[in-house]
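Open the model in your viewer and keep the selection tool at hand. We will go from stop to stop, picking residues as we go.

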Amino acid sequence: DITWTSTGFISYNVDIDVYKGGILTGYDTTVNDGIYPWPVDSFFVEGTDYKVRISDESDSSIYGESGVFTINQGYEYVSQWGSYGTGNGLLDDPCDVAVDSSGNVYVVDSNNHRVQKFDSNGVYLGQWGNNGTANGQFAFPYGVAVDSSNTVYVTDYDNHRVQKFDSNGFYLGQWGSNGTLPGQFTYPQGIAVDSSGYVYVADTGNDRIQKFNSSGTWILTWGSSGIAGGQFNHPNAIAVDSSGNVYVADTSNHRIQKFSSIGSYLGQWGSTG
């Protein structure tokens, strides 16, 4: 909203004029003196050097002019952290990120074969993992998800498995091995957890999605290689909404596919371009 305080009598409507770099780019009028709900998305583009001028429509006398500001469509840069390296808080090919119920951020630091934990301001809190095949070790971890109990699930790409940890990185278990049978994986990537604690894994090399309970017991599988609805070509990322619908980034088919929680095909959108 734009707000202002008038300094004199309003003879008619109030003019709202928007300038970019001194050039009028949009305008509107309002009978409400003091506040105007500004429809930014309707006729402005991202950019800098914007100003707003408020005036009386009958004589164009200026009530006031704002300072210079920037328009962002739906987002605003807040902060960032990390740079290339191997030390605490440094990253090498981070592949995925997840947030727990306390706002802590977990980053899969793939080429460093570890998971790093930060608070919401990017303050380093800890890490776990190193290169290997033992419990708690990784070979290019790829995806991360956190459930409502702050249990952390990580797809261990080159080890063809999912590992499970508490929020401090204490190893709780794992499941999977290399193969095509139910519960096996070939280079798993994306992972998501629904509100009931079921875990969905994008089994990328097998062009399918697998669903498990929180202990790793296999529930069901859907998908195969192809271009038809419900088929995949290198499914990469996966997410679940509050209603249990599952969304899959079907990478090499250049589309998003939507499914029910039991794998029923619900639709798709997107194409190459």
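Select Arg 208 first. Is Arg 208 buried or exposed? Its relative accessible area is 9%. The cut-off for buried is under 20%, so Arg 208 counts as buried. Keep in mind that this is a predicted model.

Show both side chains. Arg 208 and Asp 203 form a salt bridge, and their closest N and O atoms are 2.6 Å apart. Side chains of opposite charge can pair when their charged atoms come close.

Next, select Asp 250 and Arg 255. What joins the side chains of Asp 250 and Arg 255? They meet in a salt bridge, 2.8 Å from N to O. Check the cover on each partner. Asp 250 has 0% relative accessibility, so Asp 250 counts as buried. Arg 255 is at 8%, so Arg 255 counts as buried as well.

Move on to Arg 161 and Asp 156. Their closest N and O atoms lie 2.7 Å apart, in a salt bridge. Both of these residues are buried. The count for the protein comes to four salt bridges.

Now zoom out and switch to a cartoon view. The protein has 273 residues, and 44% of them count as buried. Among contacts with a separation of 6 or more, 40% come from residues 24 or more positions apart.

The accessible surface is about 13,600 Å². Carbon and sulfur atoms account for 49% of that area.

Key. Residues are numbered from 1 along each chain as its sequence is written. This is a predicted model: local features need pLDDT of at least 70, side-chain atom pairs count only at pLDDT 80 or more; totals for chains, interfaces and linings use all residues. Side-chain values use heavy atoms; hydrogens and water are left out. Buried means under 20% relative accessible area, exposed over 50%, partly exposed in between (1.4 Å probe, protein chains only). Contact means heavy atoms within 4.5 Å. Accessible areas come from the Shrake-Rupley method with a 1.4 Å probe; for residues, only the protein chains shown count as cover.
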